[in-house]
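Q: Could we go through this model together, one part after another? I would like to begin with the terms and then look at the strands and helices.

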Amino acid sequence: MKKIGVFYGTTSGTTTGVVDELEFYLRKDDYEVHNVADGISNLSEYENLILITPTYGVGELQADWENVYDEFCKIDFTGKVIGLIGLGNQYAFGESFVGGIKVLYDVIVNNGGKVVGFTSTEGYHFEESDSVIEDKFIGLAIDEGNQGDYTPEKLKTWFEEIKPEFN
């Protein structure tokens, strides 16, 4: 398996905590972590990617992701395998829970990438989400504020499921 590039954006630091937890499960693999606040110029160098974003507003990207969005839209994702992790609050923002990953998903799919790691919506309480396709989230949905105790096991299970998909 080739090196995994993990790219994330964070405002409050909650996403950084999720990245730290994910790194525990990545420790036996070849990977590098990048904060998108430092840019995404090397994102295209990876064939295996994990992209992580919290959702702000009504299904919008986090500010650092928003700042690199135009550059992100120009990346050719052909041959790349991408797992998405979205953070959000299913109760306070139940009408757009983890909507930020849908913004990334649309670009990836339109630019030839393969998204893996769709997960069940069971156990969540939200009104709707653009990040649900055929009754599954288009990635791993994390609600640290309301279900943070479940995050370690969710990350472990999700990564074990997507790892065989990586090149």
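A: Let us begin with pairing: two strands pair if DSSP finds at least two bridges between them. Strands (E, at least two residues) and helices (H or I, at least four) are DSSP runs, numbered from the N terminus. The model is predicted, so local features need pLDDT of at least 70 and side-chain atom pairs count only at pLDDT 80 or more, while totals for chains, interfaces and linings use all residues. Residues are numbered from 1 along each chain as its sequence is written, and side-chain values use heavy atoms, with hydrogens and water left out.

Q: Which strands form the open sheet, and in what order?

A: The open sheet has 3 strands in the order β7-β9-β8, with antiparallel pairing. At its edges are β7 (119-120) and β8 (132-133), each of which pairs on one side only. Between β7 and β9 (residues 136-137) there are 2 bridges in the antiparallel sense, and Thr119 stands opposite Phe137 in β9.

Q: Now to another strand: is β1 buried or exposed?

A: Of the 5 residues of β1 (residues 4-8), 5 are buried, so the strand is largely enclosed by the rest of the structure. Buried means under 20% relative accessible area, exposed means over 50%, and partly exposed lies in between (1.4 Å probe, protein chains only).

Q: Which residues lie on each side of β1?

A: Ile4, Val6 and Tyr8 are on one side, Gly5 and Phe7 are on the other, and all are buried. As a general rule, the side chains in a regular strand alternate between the two faces of the sheet.

Q: Which strands pair with β1?

A: One partner is β2 (residues 31-35), in the parallel sense over 5 bridges; here Phe7 stands opposite His34. Another is β3 (residues 48-56), also parallel and over 5 bridges, where Val6 has Ile50 as its bridge partner.

Q: How many residues of β5 are buried?

A: In β5 (residues 81-87), 7 of the 7 residues are buried, so this strand is largely enclosed by the rest of the structure. Val81, Gly83, Ile85 and Leu87 point one way, and Ile82, Leu84 and Gly86 point the other way.

Q: Which strands pair with β5?

A: Its partners include β3, parallel over 7 bridges, with Gly83 as the bridge partner of Ile50. β5 also runs parallel to β6 (residues 114-116), joined by 3 bridges, and Val116 in β6 is the bridge partner of Gly83. The chain crosses from β5 through α3 to β6 in a right-handed β-α-β crossover.

Q: At what angle do α2 and α3 pack?

A: Helices α2 (residues 63-72) and α3 (residues 100-110) pack at about 10°, with their axes 12 Å apart. That makes α2 roughly parallel to α3. Axes are lines fitted to C-alpha atoms, for helices over the stretch in contact, and angles run from 0 to 180 degrees between N-to-C directions. Angles under 35 degrees count as roughly parallel, over 145 as roughly antiparallel, 65 to 115 as roughly perpendicular and the rest as oblique.

Q: Which residues meet there?

A: Trp65, Tyr69 and Phe72 in α2 meet Val103, Leu104, Val107 and Ile108 in α3, where contact means heavy atoms within 4.5 Å.

Notes. A crossover is right-handed if, with the strands pointing away from the viewer, the path from the first strand over the helix to the second runs clockwise.
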